Amino acid sequence: MKKFLFITVIGAFSLLNQNLVHGQAGIFKVRLMVDKALTSSVMVTAGNQTANTFSSFRFPSNLQDSIKAEIQKTVQNQLFQNATFIYDIKADGTQRKTLETGTFAGGYPKMTKKRAMYSYEQELYVKVKIKVQGFKGPTIGAVGVQYSNIHPSVKFKLKAYDSGKKKIYSRKIRLWDFDKISSISFTNQFSTVTNTNALNPEQIYQMIKHTMRVFNEEEEKNRK
């Protein structure tokens, strides 16, 4: 695989040291978005540019748990804290979680920083954003039938705040070193039908896992 990454570090890493290893980091918000361009086998676009997308993409519970484990491991590696997920509690006593929409993954913490600090006593408060996106490459072909490749990328962003609401850590990475997927579009006077060699949940998970691994490896290099 070709190697290309974009990475940014903000904040004072010196504030985070091995003396904090026994502290606690509460992960209060995880936003995981997966582009339908990568997971939809069929997309129909009418003349008025409205799109009907046929996608049943969902992370099964085992992969959802695996992603949580990777996030926890990354938080612990970066912040030297024991990491746990913390949830807002509804009036009925159940946890408030993100909803499964086919674009945004469900089952993850969904809480504001203010609410997290009010409800939980932690050393650090952490939020994570993951975007799995597809970018369309050049299109070739005759009128009516066109071919293109979709370039997948994963963006991972981690922020941490202390109990005084001060941001002490902010870092992000975007990777592009993933295999392209093919797409073909058939156009008539009424609509365009696009067939894509869509990715399955396991493939998406492996992309996310790979990105977090590189995220951690790059930071290890920066520490030396």
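Strands are DSSP runs of E of at least two residues, numbered from the N terminus. In this predicted model, two such strands, β2 (24-34) and β6 (124-136), each supply at least two residues of a positive surface patch. The patch is formed by Lys29, Arg31, Lys90, Lys110, Lys129 and Lys131. Arginine 31 has its place in strand β2. The relative accessibility of arginine 31 is 44%, so this residue counts as partly exposed.

The chain as a whole contains four helices and 10 strands. Read from the N terminus, the elements follow the order β-β-α-β-β-α-β-α-β-β-β-β-β-α. The chain has 224 residues, and 42% of them are buried. Contacts between residues at least 6 apart in sequence were also examined. Of these, 71% join residues at least 24 apart. The accessible surface of the chain is about 12100 Å². Carbon and sulfur atoms account for 51% of that surface.

Charge pairing was examined next. Side chains of opposite charge can pair when their charged atoms come close. Four salt bridges were found in the whole structure.

One of them joins the side chains of lysine 73 and glutamate 70, with an N to O distance of 3.6 Å. Both residues belong to helix α2 (residues 61-79). They lie three residues apart, about one turn of the helix. Lysine 73 has a relative accessible area of 42% and is partly exposed. Glutamate 70 is at 11% relative accessibility; because buried means under 20%, this residue counts as buried.

Glutamate 217 is partly exposed at 35% relative accessibility. Arginine 213 is partly exposed too, with a relative accessible area of 42%.

A further salt bridge connects the side chains of arginine 115 and aspartate 88, at 2.9 Å from N to O. Arginine 115 sits in helix α3 (residues 113-119), whereas aspartate 88 sits in the loop between β5 (82-85) and α3, so the pair ties together parts 27 residues apart in sequence. Arginine 115 is partly exposed, at a relative accessible area of 35%. Aspartate 88 is buried, at 11%. The pair also belongs to a network of salt bridges that links Asp88, Arg96 and Arg115.

Definitions and conventions:
Residues numbered from 1 in each chain as written. Predicted model: local features only at pLDDT ≥ 70, side-chain atom pairs only at ≥ 80, totals over all residues. Heavy atoms only, no water. Patch = residues over 30% accessible without salt bridge, like charges linked within 9 Å, V, L, I, M, F, W, Y side chains within 5 Å. Areas by Shrake-Rupley, 256 points an atom, 1.4 Å probe, with all protein chains shown as cover. Lys, Arg positive; Asp, Glu negative; His and termini not counted. Charge placed at Lys NZ, Arg CZ, Asp CG, Glu CD. Buried < 20%, exposed > 50% of the residue type's maximum accessible area, 1.4 Å probe, protein only. Contact = heavy atoms within 4.5 Å.
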